[in-house]
Amino acid sequence: MGETAVLDLEELRQWIGRTESAQDTITPRLEASLRATLDRPPEQPMVGNLATLGVHWCLAPPIVQTEALGGDGHPLRGGFLPSVPLSRRMWAGGELAFEAPLQVGDTVTRTSQIEDVAIKEGRSGTMCFVTVRHSWATERGPALEERQDIVYRAGNAGRPAAAIPAEVSLPQASCQRVWPCDPVLLLRYSALTFNGHRIHYDYPYVTEVEGYPGLVVHGPLQATLLMSLAVEARGGTPRRFAFRGVAPLIAGRPIVAKAGPNRETLRLWIEDADGQTTMTADASW
């Protein structure tokens with residue numbers, strides 16, 4: 001049977017403006033672990049080295065006791081995030097604005113604020129979108145601004161999970177990179193980000209409860225791979241990087257990251273082994 005819930009938008013919008021802050025350090029071990037997970041050449045990171053783009057998603061994750069986790073492995077809602085009564089949660093996309101580089105050894109402070117809550121109707125039914133704004137800073141000053149888009153939808157046990165509707169316009173690829181993708185990759189990234197979401201490691205849960213055909217690759221991991229390709233294709237850290245999930249990426253076969261022609265705005269995307277686009281991104285310098 002499908003999940004039914006009544007969404008009270010006025011109540012959920014009371015979370016708008018809520019803030020929290022957290023602090024963490026980019027240790028050499030964390031940087032080395034992320035590099036190894038991304039299959040970068042092995043090296044011993046030193047304090048003061050530039051940190052890998054995307055390392056901020058490994059910093060200061062929500063940490064709660066096991067008894068405070070929901071059935072999906074996420075922390076129970078009702079604290080910082082709104083108490084949305086829909087059981088399926090996905091990272092729909094976001095945008096990064098880079099102001100200054102993060103370095104190994106930095107102590108990083110993240111300040112987060114709920115910016116918006118909206119309800120929309122889609123092909124998969126009612127969805128609730130929560131927009132979170134994160135500001136990242138080091139002792140040297142502001143480093144990164146991030147918009148995070150989270151979508152909640154109803155659970156329908158045994159039915160295939162629906163993709164987020166999107167129109168995708170893609171150029172001819174001018175370069176690409178392929179990463180192997182198996183459960184070990186997902187496990188290592190989940191450990192780096194302290195992400196307990198069961199769709200990334202629990203095969204019976206993800207197939208029988210959430211209806212996906214296999215383990216789902218993390219949205220931030222896909223975005224990190226696209227940022228890596230953007231740097232390879234153009235050189236240097238982009239000033240702005242915006243990305244959007246188009247369809248679930250299922251683990252088990254290689255991840256193909258592609259980039260279009262080298263223009264003012266670089267178009268990038270992820271494809272699965274069947275050529276299905278799962279994430280798009282735009283990078284500008």
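User: In which loop is His197 found?

Analyst: His197 is found in the loop between α3 (183–193) and α4 (203–209); helices (H or I, at least four residues) and strands (E, at least two) are DSSP runs, numbered from the N terminus. This is a predicted model, in which local features need pLDDT of at least 70, side-chain atom pairs count only at pLDDT 80 or more, and totals for chains, interfaces and linings use all residues. Residues are numbered from 1 along each chain as its sequence is written, and side-chain values use heavy atoms, with hydrogens and water left out.

User: Is His197 buried or exposed, and with which residues is it in contact?

Analyst: Buried means under 20% relative accessible area, exposed over 50%, and partly exposed in between (1.4 Å probe, protein chains only). His197 counts as buried, at 4% relative accessibility. Contact means heavy atoms within 4.5 Å. Leaving aside neighbours within four places in sequence, His197 is in contact with Asp72, Gly73, His74, Arg89 and Glu210.

User: With which side chain does Glu210 meet in a salt bridge?

Analyst: Side chains of opposite charge can pair when their charged atoms come close. The criterion is a side-chain nitrogen of Lys or Arg within 4 Å of a carboxyl oxygen of Asp or Glu. Glu210 meets Arg88 in such a bridge (3.7 Å, N to O). Glu210 lies in the loop between α4 and α5 and Arg88 in strand β2 (residues 88–98), so the pair ties together parts that are 122 residues apart in sequence. Both Glu210 and Arg88 are buried.

User: Which residues are linked with Glu95 in a network of salt bridges?

Analyst: The network links Glu95, Arg147, Asp149 and Arg240. Within it, the closest N and O atoms of Arg147 and Glu95 are 3.0 Å apart. Arg147 is in strand β5 (residues 141–153) and Glu95 in strand β2, 52 residues apart.

User: Which residues touch the most other members of the largest nonpolar core?

Analyst: In soluble globular proteins, nonpolar side chains tend to be buried together. A nonpolar core is a set of buried Ala, Val, Leu, Ile, Met, Phe, Trp, Tyr and Cys residues joined through side-chain atoms within 4.5 Å. The largest one here has 55 residues, of which Val217, Leu226, Phe241, Ile255 and Leu268 touch the most other members. Helix α5 (residues 219–234) supplies the largest share of this core, seven residues.

User: How many disulfides does the structure hold?

Analyst: A disulfide is a pair of cysteine sulfur atoms within 2.5 Å. The structure holds zero disulfides. The sulfur of Cys58 is 16 Å from the closest cysteine sulfur, in Cys181, which is too far for a bond.
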